[in-house]
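Here's a walk through one structure, written for someone who likes cut-offs spelled out. Have the coordinates open as you read.

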Amino acid sequence: MQCYIYRSSIKEGLYVYLAEEDGLEKLPEPVLKQLGTPEYSMTLELHPERKLGQEDASVVLGNLKSQGFHVQMPRDIEKILQSIAQSAQQKHQGGND
């Protein structure tokens, strides 16, 4: 299956794989907001055995077939989420003093 990959102009490491070349308008609004101005990255022939840097090709293919897109989050998303949680906790604790 051929897929079309776009990267986010505002979120480092965020990529969207599309089943259709002009499928950007079919993305949910929250995904579009995270993309900012989508920047075309590449077209890729994808099959289950294909090695991808961060994703499992079978999972990507499944998402492309079921919903027409796959979102690849930044590698350090866990660190980002942890940082956000810690910051929120500190604000909460600071407000109770």
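Let's start at a helix end: aspartate 56 caps the N-terminal end of α2, with a side-chain oxygen 2.8 Å from the backbone nitrogen of serine 58. Before going further, note that this is a predicted model, in which local features need pLDDT of at least 70 and side-chain atom pairs count only at pLDDT 80 or more, while totals for chains, interfaces and linings use all residues. Residues are numbered from 1 along each chain as its sequence is written, and side-chain values use heavy atoms, with hydrogens and water left out.

Helix α2 spans residues 57–67, and Ala57, Val60, Leu61 and Leu64 are its buried residues (buried means under 20% relative accessible area, exposed over 50%, partly exposed in between, with a 1.4 Å probe and protein chains only). These four sit on the same side of α2 because they cover an arc of only 100° around the axis, the arc being that of the directions from the helix axis to the C-beta atoms. The background is simple: an α-helix has 3.6 residues a turn, so residues three or four places apart point the same way.

What do the buried residues of α2 pack against? They pack against β1 (2–7), β2 (15–18) and β4 (69–72), where contact means heavy atoms within 4.5 Å. Just after α2, glycine 68 takes a positive phi of about 90°.

## The chain as a whole

The protein chain has three helices and four strands, and from the N terminus on its elements run β-β-α-β-α-β-α. Helices (H or I, at least four residues) and strands (E, at least two) are DSSP runs, numbered from the N terminus. Of the 97 residues in the protein chain, 28% are buried. Among contacts with a separation of 6 or more, 54% come from residues 24 or more positions apart. The protein chain exposes about 6,700 Å², and carbon and sulfur atoms supply 49% of that; the areas come from the Shrake-Rupley method with a 1.4 Å probe, and for residues only the protein chains shown count as cover.

## Cores

The largest nonpolar core has 10 residues: Cys3, Ile5, Tyr17, Leu44, Leu46, Leu52, Ala57, Val60, Leu61 and Leu64. A nonpolar core here is a set of buried Ala, Val, Leu, Ile, Met, Phe, Trp, Tyr and Cys residues joined through side-chain atoms within 4.5 Å. The elements giving two or more residues to this core are β1 and α2, and α2 supplies the largest share, four residues. Apart from this core lies another, of nine residues, among them Leu14, Val16, Leu18 and Leu35.

Not counting residues up to four places away in sequence, cysteine 3 touches Tyr17, Leu18, Met42, Thr43, Leu44, Leu46 and Leu64.

## A buried polar pair and more

Glutamate 55 lies in the loop between β3 (39–45) and α2. Is glutamate 55 buried or exposed? Its relative accessible area is 19%, so glutamate 55 counts as buried. Leaving aside neighbours within four places in sequence, glutamate 55 is in contact with Tyr17, Val60, His70 and Gln72.

Histidine 70 has its place in strand β4 and is buried too, at 5% relative accessibility. Beyond residues up to four places away in sequence, histidine 70 touches Tyr15, Val16, Tyr17, Glu55, Val59, Val60, Asn63 and Leu64. The C-alpha atoms of histidine 70 and valine 16 are separated by 5.7 Å, though the two are 54 residues apart along the chain.

The side chain of histidine 70 makes a polar contact of 2.8 Å with that of glutamate 55, and one of 2.8 Å with that of asparagine 63. A polar contact is a pair of N or O atoms within 3.5 Å; within protein, one must be able to donate a hydrogen and the other to accept it, and residues adjacent in sequence count only if both atoms are side-chain atoms.

## Salt bridges

The structure holds two salt bridges, each a side-chain nitrogen of Lys or Arg within 4 Å of a carboxyl oxygen of Asp or Glu.

| Salt bridge | Closest N and O atoms |
|---|---|
| Arginine 7 – glutamate 39 | 3.2 Å |
| Lysine 26 – glutamate 20 | 2.7 Å |

The arginine 7–glutamate 39 pair links distant parts of the chain, with arginine 7 in strand β1 and glutamate 39 in strand β3, 32 residues apart. Arginine 7 is partly exposed at 32% relative accessible area, and glutamate 39 is partly exposed at 34%. In the other pair, lysine 26 is exposed at 54% relative accessibility, whereas glutamate 20 is partly exposed at 39%.
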